[in-house]
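Please open the model in a viewer and keep the selection panel at hand. The stops below proceed from a single side chain to the cores and then to a set of strands.

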Amino acid sequence: MAPFIFFFLVVLLSSIATFSSSNNQTTYIVFMNPSLKPTPIKSHSLWYATDLQSLSIDPSRHLLYSYSSLFPAFAASFLPHHLPLLHAHPSVLLVLPDPLLLPLTTRTPLFLGLPPFSPPVTSSLSSDVIIGVLDTGVWPESPFFSDSGLPPIPSRWRGQCESSIDFLPSLCNRKLIGARSFSRGFHAAATGGESENFSARDQDGHGTHTASTAAGSLALNASLFGYARGTARGMAPLARLAAYKVCWSTGCYGSDILAAMEQALDDGVDVLSLSLGGSSAPFSRDPIAVGALAAVARGVFIACSAGNSGPARSTLTNTAPWITTVGAGTLDRDFPAYATLGNGKRFAGVSLYSGNGMGENPAPVVYGKGFQSKANNNSKLCLSGSLDPAEVKGKVVFCDRGVNARVEKGQVVKDAGGVGMILANTAANGEELIADSHLLPVVALGLGEGDKVRKYATSVSNPTALLSFGGTVVDIRPSPVVAAFSSRGPNTVVPDILKPDLIGPGVNILAGWSGSIGPTGLENDGRRSEFNILSGTSMSCPHISGIAALLKSAHPFWSPSAIKSALMTTAYVMDNTGSSLVDADGSIATPLAYGSGYVNPQKALNPGLIYDIKLDDYIAFLCSIEPNLQLIQSITKRSNITCSRKLANHGNLNYPSFSIVFSPKSGKAVKYTRVVTNVGPTGSVYSVEIDRPASVGVKVKPAKLVFRQEGQKLKYTVTFTSKIGKGSEAEMKFGSITWSDGEHQVRSPISYAWSLF
């Protein structure tokens, strides 16, 4: 799969898709009832095989994976006539189609306020934490995976580096301590990829980029052809890495992802990072969600991308409350480029073009110059084969963004003889600007500037343009800004849980790259670089995973929910100008876009208070949304669950944020209870500060919390009262509750919605 797909689209297919091979077999994930496992059968794999044989289904031909550590389930490829047999079998709880997902730096540590990396190692940079990255594999030769100065591998590590034709176990070291691949689901789909080597080696680049972002070692003089030059490192440069390749040429199959998650837990990872698109299915039917619950139950923190379908509302993925859902924002670094028109006006955009440029002579500008037989719109979009070389040769081509990849448009222009391209956003992309390493001079413009240049190109008799490039610029203001592509709430699966949880750096991120492919991912891009600059929630997710590893090393006994709470309640919502965070179009951003705010690693290390959530709390939450008790028993591996405890309101989970939905069921008043744990000094006294819209009354009891010792837990209740009689989901309002002791500000965002009240 070309890497530009990951950061340009970075989306889940709009619906769960199943794929059939030439012999009409389709892969399913089958959840089993653990209470019906025969006692004489010792292993889960034998149990699954025996049940399949009882249905005259040959497990040696059909069984792909046997899951046991996560939950009792298996993945297998079935013929159509097998499905009624499975559904009728008493041990089978659920038959789920195998979903296909897609995988959705130098400046970053400084911008996030992380200390310079210089030995001796501090406790917050402990080398005992292990991060597992599920992605497209890893390029082990990257300088980010040097193990120089690292102590021996932790003795608790049970993983390994698999040997294959292009990946020898000796390529692993004290930094990259594990590398495995999982491809049975991909094989069973039989959708291509026959030329791929089925190993952990990254032929795409995406996995190397995410892994090095999370925990890359120091890389001196890093840059992409001179852009973003400096000393680069990951968020947790002394943490260990284990790569689990689950993504192939057509994407990432749920059966392979589950197998990798189970193996990672058995190997001994502390943090899981999945820059993959999830689904909006109910949590009990979402493979990533159920796998993540098993991970959290074993004390493993898990971060997932929120998706790249913004700025449209209700586009989030990976919204289970036990997952840390990560959106994307900018850094204070940019790569400016300029289009100077024949009328003397200059328009600013971005670019990572690194060639010789256009020189000092302007060139004619053309727009929509296709063949007579081609639709005019195709040539305006610069689709493959749409441009007429006779009209384009020696000219700058104006192209509308959309349909095909940005870098592909540049290739189309170059193939037609163009000397440059002005790439303009349409309404769908607004003012979002993402820099690409094009093969010819290209300036990408936002909607407003693009409209002006388009008008010039179509209204002047002899339009001309000269493209120029400004290199790397830092201290951009305002920063950060919410990325336009970052997916937004509200949460469509459980509206009472506010998502995303927070945002992190996800725009123009420099990290490691595969040596087998050029920075554009195009087949004819012969350039090679150890580094690449990409954008997407795929990039922000490993930032949070790496920072979570820092918190895990500083607070080894904190639960995954405690770590998430620290990240959320210390995130900030003001930019470097002292103003509220804004969206890419300049409008004031809301928690639907940024959740709790932009991650602040230094403050997260010392949050003051945390909102902890135990597995029993998540089970009570599941019991309130999932009617199938046996399925809950299966995915939690607890056969004694009766669901006697349920949450009266889904939002009454001890979550660090609030989502209030006034509805006919809730009435005008919604009351939530929260419990906070003091992780600060003895004698801490916290007072509450309330920020609310005029349409809602908020009352917190008590208004002061006095902690007599570290680790003490105190409860408070919040009553939210609507002051209006009716509204709609479009009329959302926002506010916050902040507990402060003078040193710590423990902030929880609140969203309010009225649903046909």
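Select Trp322 first: beyond its neighbours within four places in sequence, Trp322 is in contact (heavy atoms within 4.5 Å) with Phe283, Ala289, Ala292, Leu293, Val296, Ile302, Lys564, Tyr618, Phe621 and Leu622. The model is predicted, with local features requiring pLDDT of at least 70 and side-chain atom pairs pLDDT 80 or more, while totals for chains, interfaces and linings use all residues. Residues are numbered from 1 along each chain as its sequence is written, and side-chain values use heavy atoms, without hydrogens and water.

Next, display the largest nonpolar core, which has 69 residues; Phe31, Ile257, Met261, Leu272, Leu274 and Trp322 touch the most other members. Such a core is a set of buried Ala, Val, Leu, Ile, Met, Phe, Trp, Tyr and Cys residues joined through side-chain atoms within 4.5 Å, where buried means under 20% relative accessible area with a 1.4 Å probe, protein chains only.

A separate second core of 55 residues has Cys172, Ala222, Tyr227 and Ile533 among its members.

Now move to strand S3 (residues 73–78), where six of six residues are buried. Ala73, Ala75 and Ser77 lie on one side, and Phe74, Ala76 and Phe78 on the other.

How values were computed:
Buried means under 20% relative accessible area, exposed over 50%, partly exposed in between (1.4 Å probe, protein chains only). Helices (H or I, at least four residues) and strands (E, at least two) are DSSP runs, numbered from the N terminus.
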